[in-house]
Amino acid sequence: MPSVLGDRPLLAITQGDPSGIGPEILAKVALGADPLPFRPLLLVEEAALAPLEAVLPHLAWDRLRFVGPGTGAEELAALPETVVPAIDPLGDPRPLRFGEPGAADAAGALAALDLGIELTSEGVAAALLTAPVAKGVIARHELPGFTGHTEYLAERCGLGRYGRDYLMAFLAPDLQVALLSTHVPLATAIDLVTPERIVTALSCLDRHAGGRIAVAGLNPHAGEEGLLGLEDGERITPAVAEARARGIDAYGPESADSLFARARSGEFDWVLALYHDQGLIAVKTAAFGLATNWTLGLPFLRTSVDHGTAFAIAGKGRADERPLAAAAETTVKLIQGELPRGQRRLS
């Protein structure tokens, strides 16, 4: 069963890149005045929070309590309701410069993520909620080839980089979108549009979420019966037919220029977009800051915000914490079974 403190689920929340806005939005959400529908467990360096006390003096810093990395569920449950526990993933004080990410920040971002995976996998936390990381910084200093949370989590859970028994998905107030491919060049993404991958993705989406699923077309007007490209008829149509033969409520290819509006009106529960920007432009136009990134197929629940590190404003008290608060509320709804819409069953 997911870990709860009292009647509220415990969410392990990572700092993201500590020189970005991650620590600030964590502090604003966890130490703000409003009561929360969850208990936060902050995975953040003391070095990232300490400078923010002067910038954000109105927050309830006296509620923050750093605990050891080996603190278990029972010890966390014994803490007073008003205490916000935090674990420093590195454990060593260091100089930190907001907006200037370097090797130590890459190490801190990965350490927080690894700790979050451990705590959630062991059931200490009910879900893992991640603040944004800088992919290039991690790839340059820590892990060559790093392309983002989703692929890293999938590999850590033994799912493989391109094994599609996992999907990056986004939950917005009136739109649910999953991606066939994530952070790859567009030319590569087009090559990854194969019948086999589409069927696997539809099976994953149906198994972990369910509902009426529309597959976006690749070419304008879904190829216009071959006039504007053959890929839709040769790759997508047979995949949808195979999925329907397996009992999946799938449709498509549907012309992408109108599909997202149709889904927002309620015609479909999900859109399976074929590449990153095809799906994310629609999501962020419809609900920027209110969409939650959800990784389907992991052995634990993981969610994230839909924005980046915003190095230009990091450490200045100007970061908007509302997207993180919205993602946390969505996470609670996933835990409680209120989302996703059109669900069959949650894994």
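Count the charged side chains and you get 29 positive and 43 negative, with the centres of the two sets 2 Å apart. Here Lys and Arg are the positives and Asp and Glu the negatives, leaving out His and the chain ends, and each charge is placed at NZ of Lys, CZ of Arg, CG of Asp or CD of Glu. Keep in mind that this is a predicted model, where local features need pLDDT of at least 70, side-chain atom pairs count only at pLDDT 80 or more, and totals for chains, interfaces and linings use all residues. Residues are numbered from 1 along each chain as its sequence is written, and side-chain values use heavy atoms, with hydrogens and water left out.

Now for the overall build. The protein has 13 helices and 13 strands; these are DSSP runs numbered from the N terminus, H or I with at least four residues for helices and E with at least two for strands. The C-alpha atoms fill a box of roughly 65 × 40 × 35 Å along the principal axes. The radius of gyration is 20 Å, which agrees with the value near 20 Å for a compact globule of 347 residues; it is taken over C-alpha atoms, and the globule rule is 2.2 Å times the number of residues to the power 0.38.

Of the 347 residues, 56% count as buried, meaning under 20% relative accessible area, while exposed means over 50% and partly exposed is in between (1.4 Å probe, protein chains only). If you look at contacts (heavy atoms within 4.5 Å) with a separation of 6 or more, 72% come from residues 24 or more positions apart.

Zoom in on helix α11, residues 256-264, and ask: which of its residues are buried? They are Ala 256, Leu 259, Phe 260 and Ala 263. These sit on the same side of α11 because they cover an arc of only 90° around the axis, judged by the directions from the helix axis to the C-beta atoms. On the other side, Asp 257 and Ala 261 are exposed. The cover over the buried residues includes β8 (175-179), β9 (213-216), β10 (250-254), β11 (270-273) and α12 (276-287). After α11 comes Gly 266, with a positive phi near 105°.

Another glycine to click on is Gly 16, in the loop between β2 (8-14) and α1 (22-30). Gly 16 is buried, with a relative accessible area of 1%. Setting aside residues up to four places away in sequence, Gly 16 touches Ala 109, Ala 131, Pro 132 and Val 133.
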